[in-house]
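Here's a quick walk through one chain, written for someone who likes cut-offs spelled out. Have the model open while you read.

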Amino acid sequence: NEYKSYLSMNPKDWKETPETDINEDSFTEISPLLITQKREHLESPEIIESLDYDRCPNLPYMKFIDTRSKKVIGLLNLKDWIMFSVIGVATGTVAFLIDLSVKELTHIKFSTVIHFNTQHPQVIMLSLLVFALISVAYCCVAAISVVITPEAAGSGIPEIKCYLNGIRLPRVVRIKTLLSKAIGVLFSVSGGLPCGKEGPMIHSGAALGAGIPEGLSRLIKKLGYKDSHFWIHDDRSKRDFISAGAAAGVSAAFGAPLGGVLFSLEEGSSFWNQALTWKTYTDTITALHRCFAACRVLSYSRC
């Protein structure tokens, strides 16, 4: 109750308040102020919620910050740098797998058409019919992926912009959405639809930026590290990771790491800082190098 009373006080009056020891139980009481809780009630896609990007300058939170030493703060920054690099590697890997899958599916389609044309050179309509049927089959697979996960429809850029500007759309950055988006884009491009992988790669990178830190946070929490849940599950931290993931998607799709940073800075996010610029640039460079490295290892002819 004493900590609740602090919330209604003027910050100028905090110094006049008697000092109170903050123990582990006190942190448990004020945990809703520090950690973004799971929103299990958001099951309907029609329910939209705003994200809490602003921090309330209350006394319990300020004392919580003061209890962290410089060593702990440096460790948290190191975790951020590592996480941004991991997101870049994952985004570059997904971009490479999508490129490789599109190449293989396209090769299967044209090799089949050439085979029918070789077997029946006088009936060219048969080869054209096979080409059309394979293209329609690819497009049907892409359509089924969207039916299963409607959040994967379209490029995904408007949804990511909404998230980065404080509007939480349910199930937009889940791993299931990422899988449906990847399957949909590779079969759509292979089927000959007038679309590309640039927008879907931004959505895929953002989904990786949200999913990888959350999964790692749960893993580290099970190992007994109490502070790890806070620095990853906070809305502000998750927003930064999604910004970096979207930038990595641009870098992997266009081969432009600086363009990815500028996209997140100018087009995507309304919340930015100088430290995030360098972290995001490291993320985009990592994504691009990961994609190129995979191309060289597998001797991918397009690279």
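Let's start with Ser145, which is buried at a relative accessible area of 8%; buried means under 20%, exposed means over 50%, and partly exposed is in between, using a 1.4 Å probe and protein chains only. Before going further: this is a predicted model, where local features need pLDDT of at least 70 and side-chain atom pairs count only at pLDDT 80 or more, while totals for chains, interfaces and linings use all residues. Residues are numbered from 1 along each chain as its sequence is written, and side-chain values use heavy atoms, with hydrogens and water left out.

Ser145 sits in helix α6. Helices here are DSSP runs of H or I with at least four residues, strands are runs of E with at least two, and both are numbered from the N terminus. A polar atom of the Ser145 side chain lies 2.5 Å from the backbone oxygen of Ala142. Setting aside neighbours within four places in sequence, Ser145 is in contact (heavy atoms within 4.5 Å) with Ser180, Ile183 and Gly184.

Thr149 is in the loop between α6 (124–148) and α7 (157–164), and the side chain of Thr149 makes a polar contact of 2.8 Å with the side chain of Ser180. A polar contact is a pair of N or O atoms within 3.5 Å; within protein, one must be able to donate a hydrogen and the other to accept it, and residues adjacent in sequence count only if both atoms are side-chain atoms. Leaving out neighbours within four places, the contacts of Thr149 are Lys176, Thr177 and Ser180.

Lys176 belongs to helix α8.

| Residue | Relative accessible area | Class |
|---|---|---|
| Thr149 | 3% | buried |
| Ser145 | 8% | buried |
| Arg171 | 18% | buried |
| Cys140 | 40% | partly exposed |
| Lys176 | 54% | exposed |

Now for α8 itself. How far apart are the end C-alpha atoms of helix α8? They are 23 Å apart, which agrees with the 22 Å that its 16 residues (175–190) should span at 1.5 Å a residue; the expected span is 1.5 Å times one less than the number of residues. The buried residues of α8 include Thr177, Ser180, Gly184, Leu186 and Phe187. Cover for the buried residues of α8 includes α5 (70–119), α6 and α9 (198–222).

The backbone around α8 has a couple of things to look at. Gly192, which follows α8, has a positive phi near 95 degrees. Arg171, in the loop between β2 (167–168) and α8, has a positive phi of about 65 degrees although it is not a glycine. Most residues other than glycine have a negative phi.

## Cores and cysteines

The largest nonpolar core has 21 residues, and those touching the most other members are Ile98, Leu105, Tyr138, Leu186, Phe187, Met201 and Leu208. A nonpolar core is a set of buried Ala, Val, Leu, Ile, Met, Phe, Trp, Tyr and Cys residues joined through side-chain atoms within 4.5 Å. Elements giving two or more residues to this core are α5, α6, α8, α9 and α11 (235–254), and the largest share, 7 residues, comes from α5. Leu186 touches Ile98, Ser101, Val102 and Leu105, not counting residues up to four places away. Apart from this core lies another, of 15 residues, among them Leu51, Tyr163, Ala210 and Ile242.

What about disulfides, meaning pairs of cysteine sulfur atoms within 2.5 Å? The count comes to 0. Cys139 is in none, as the nearest cysteine sulfur, that of Cys140, is 7.1 Å away. Cys139 is in helix α6 and touches Phe187, Gly191 and Leu193, not counting residues up to four places away.

## The whole chain

Zooming out, the chain has 13 helices and 2 strands. Buried residues make up 44% of its 303 residues. Among contacts between residues at least 6 apart in sequence, 76% join residues at least 24 apart.

Notes. A disulfide is a pair of cysteine sulfur atoms within 2.5 Å.
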